[in-house]
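My entries follow the structure.

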Amino acid sequence: MATTWRPGVRGTDGALPPLPVLPQFPGMRGYRQLRGSIRGLGFRHAADLLREPGRLRAAGGVFGTLPRAETDDGFRVLDGLWFPGRGGLWQRVDVPFVRRAREAWQTSADPRALTAAAVADVLETLARDHPMGLRHIVLWELCCLLKDGDDGKGGTLGGGAYAATTADDAATLGVHRSEARLLAAAVDDAFPADGTERRAAEEFNDVWPSVRLRRAEHLADLLPAAPDDHALAALLGALRTRSAKVRFLAYAARRAQEGGDPRAAATTWLGALRQATDAPELRAGLLRAATALADAPSAAEQTAVQEWTNDRGLGLSWRTPHVPGTRPATPVTYAVLRFADEAPETTTEITRIDVAAPEARLLTAHDPAAPLGRVLRYAVLPLRGDRVAGVPRVTAPVLVAPDVEGLLTKPVPGGVQVHWRPHPAAVDIEVLRYDVPDVGAERGPNVVPCGHRGLVDDALPPGIYTYRVSCGYPGPGGTVVRSPGVHVMARVDEWPTPVAEVAAELAGDRVVLGWRAPRRGWSTLVPWPGGPVEPGTDVSERFARLTAGDPPGGDALPEPRPRPEDARDLLLEVNPPVAGRLRMTAVSVLGDRAVAGPSVVVESPAPVKDLTVVRLARGRANAWFSWPEPAVLVEVGWHDGTRGDSRRVPRSTHRQRLGAVELAVPDTACTVTVTPLTRPDAVAVPAPPAHAGLPAAHLPPPPPEPPLWRKWWRRWLRTGARRG
């Protein structure tokens with residue numbers, strides 16, 4: 001039958017009295033750091049650290065080495081923290097006791113003294129703040145050790161963490177026998193094991209009371225909803241009150257914003273955020289209201305945040321406010337945030353700038369990693385410590401999509417050539433062309449096909465055109481976001497028509513060139529230095545330089561001789577220089593514009609000189625001669641009247657062998673011929689071949705006939721070999 005306990009009446013059946021109410025959280029900030037320091041000093045709990053100076057004094061006194069009676073040296077903790085004193089009296093651990101322990105540690109020679117004194121100083125502050133604070137901490141430490149089966153020195157108590165807690169376990173940790181049984185039973189009955197609830201209880205006082213409301217609410221959800229610990233119950237009640245207040249402010253802010261009053265909404269959101277700085281939905285609401293304020297027509301220009309883009313990213317500038325006669329109590333920190341337009345829920349902090357002086361000043365920030373192809377906004381959020389100091393300033397929507405650079409136009413025959421340098425991140429280039437008539441609005445746009453770095457827009461009628469070049473960047477959802485675009489104006493002039501064809505024919509030692517006059521402009525043939533040019537190429541500058549003086553390679557060329565006008569044919573006789581090559585290019589001219597046409601190469605190779613042929617051996621001979629410039633090949637051959645042979649020799653082989661060419665020739669007399677070969681695409685004045693005679697080779701006399709007996713002897717040997 002259960003025992004009924006009444007005040008002043010002792011139980012008679014040996015049952016336990018009502019179990020004590022154990023603490024459900026440490027009840028102090030920085031408990032985990034304090035516990036780590038105590039364990040690092042080698043103590044099991046705070047009571048051991050406070051009792052250690054007394055033990056050291058007793059052990060070092062006159063009677064420290066005398067035998068002592070067996071007594072219970074444990075401390076009491078269920079009704080305050082008490083240590084056994086002299087004469088069997090109990091000494092309460094209060095602020096003076098802790099101060100004496102701290103001073104004893106400061107004068108101790110123990111190597112742990114300085115750290116222990118610092119821990120004792122923390123415990124003194126705890127005892128000064130709350131009379132039962134030390135009891136709360138020590139009891140929490142004892143409960144954790146007993147529940148975990150830890151003796152505080154790396155060993156285990158009794159049967160470990162999974163065995164029932166006994167009074168001996170509590171006594172082992174220093175608890176007096178009179179309280180050890182009750183404490184062990186209470187720990188087994190209600191104290192939580194190591195896990196999320198205990199860790200939440202140890203962290204709860206670090207978070208609450210503070211402005212980290214959401215973290216405190218998360219930890220409170222892991223703790224008992226109706227705790228027996230009155231201190232924890234009071235903290236949870238204050239937390240619930242604050243949460244309800246913040247919810248009401250958030251509701252009022254949403255109603256104000258829906259009612260079209262962004263200023264009142266921003267003020268209400270700010271009041272809620274100051275009480276819950278870790279609530280992302282509150283900061284998003286504040287940013288949304290601040291965005292509406294920035295977009296309002298009545299937004300003050302002096303409070304705006306200016307933004308600009310350059311090759312290094314995006315920059316911001318704003319001016320700090322200042323009220324005359326005031327000085328900030330703490331420095332103001334400006335946090336620069338970036339978020340997508342219409343999505344302030346996800347922000348990225350770019351930088352923080354600390355401002356200690358109260359004077360107004362211009363501040364700048366730089367975002368080198370602004371995402372391209374996104375419509376962004378930037379907010380400057382003032383902070384004082386962990387609290388928001390005011391409504392943030394928000395920029396207008398910013399599209400980070402750089403345009404092309406170095407946009408240039410160049411007139412080309414029949415159109416315009418446009419060049420630019422795209423941004424490395426651009427995935428697409430779009431070019432639009434607008435016609436600008438002399439009267440009226442411009443017409444267009446027309447999409448012009450282009451490459452990544454330029455285009456040639458030809459076949460355009462003369463006039464003025466405007467080109468808009470924009471870059472495309474990957475946007476959300478696989479879309480392409482385009483830059484604002486850069487405009488450039490170009491003028492298309494009337495160009496001459498290129499000459500279609502140039503014909504050439506030999507007339508003795510001269511070459512007659514003929515062509516049909518172009519449909520637009522006049523034409524001529526000019527000696528063209530260098531390599532050929534593509535017909536239709538703009539050669540205005542080169543043609544002006546060529547016609548400024550005499551053409552290279554000889555006297556000035558005669559003017560073209562026209563045929564009857566109805567035939568529209570022009571002729572020009574060219575006398576190419578001997579041992580030279582001349583490229584004649586047709587050029588059509590109209591005003592200052594000149595366009596290249598087809599080209600004709602005219603050659604007049606030099607004759608082969610100093611041809612000398614010498615036999616080297618039987619069937620081999622060397623031919624020496626001077627190279628006929630400007631030929632690149634010669635044909636070297638021989639002929640003896642009935643048969644012959646030839647091969648082509650390049651100029652490089654001739655120079656490599658120092659002017660000699662080795663031939664395979666017959667032993668009979670023959671004639672060696674060297675003929676210059678012209679380019680297959682050239683019109684050449686033929687050069688006569690060079691001939692040289694090669695006499696027959698002097699053959700040695702045939703060997704004499706062998707003696708008759710040698711022939712008979714060899715025949716006899718062969719016959720004997722066959723018989724064998």
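I took two strands as paired if DSSP finds at least two bridges between them. Strands (E, at least two residues) and helices (H or I, at least four) are DSSP runs, numbered from the N terminus.

The model is predicted, so I noted that local features need pLDDT of at least 70, side-chain atom pairs count only at pLDDT 80 or more, and totals for chains, interfaces and linings use all residues. Residues are numbered from 1 along each chain as its sequence is written, and side-chain values use heavy atoms, with hydrogens and water left out.

Entry 1, the sheet. I found an open sheet of three strands in the order β27-β28-β31, with antiparallel pairing. β27 (609-617) and β31 (660-664) are its edge strands, each pairing on one side only. Neighbouring strands are turned against each other by 25 degrees on average, direction ignored. I then looked up β27 with β28 (residues 620-626): six bridges join them in the antiparallel sense. Arg615 has Ala621 of β28 as its bridge partner.

The axes (lines fitted to C-alpha atoms over the stretch in contact, with angles from 0 to 180 degrees between N-to-C directions) of α5 (residues 133-148) and α8 (residues 196-207) come within 13 Å and cross at roughly 165 degrees. α5 is therefore roughly antiparallel to α8 (angles over 145 degrees count as such). For the contact (heavy atoms within 4.5 Å), I listed Trp140, Cys144, Lys147 and Asp148 of α5 and Arg198, Ala201 and Glu202 of α8.

Notes:
Parallel < 35°, antiparallel > 145°, perpendicular 65-115°, else oblique.
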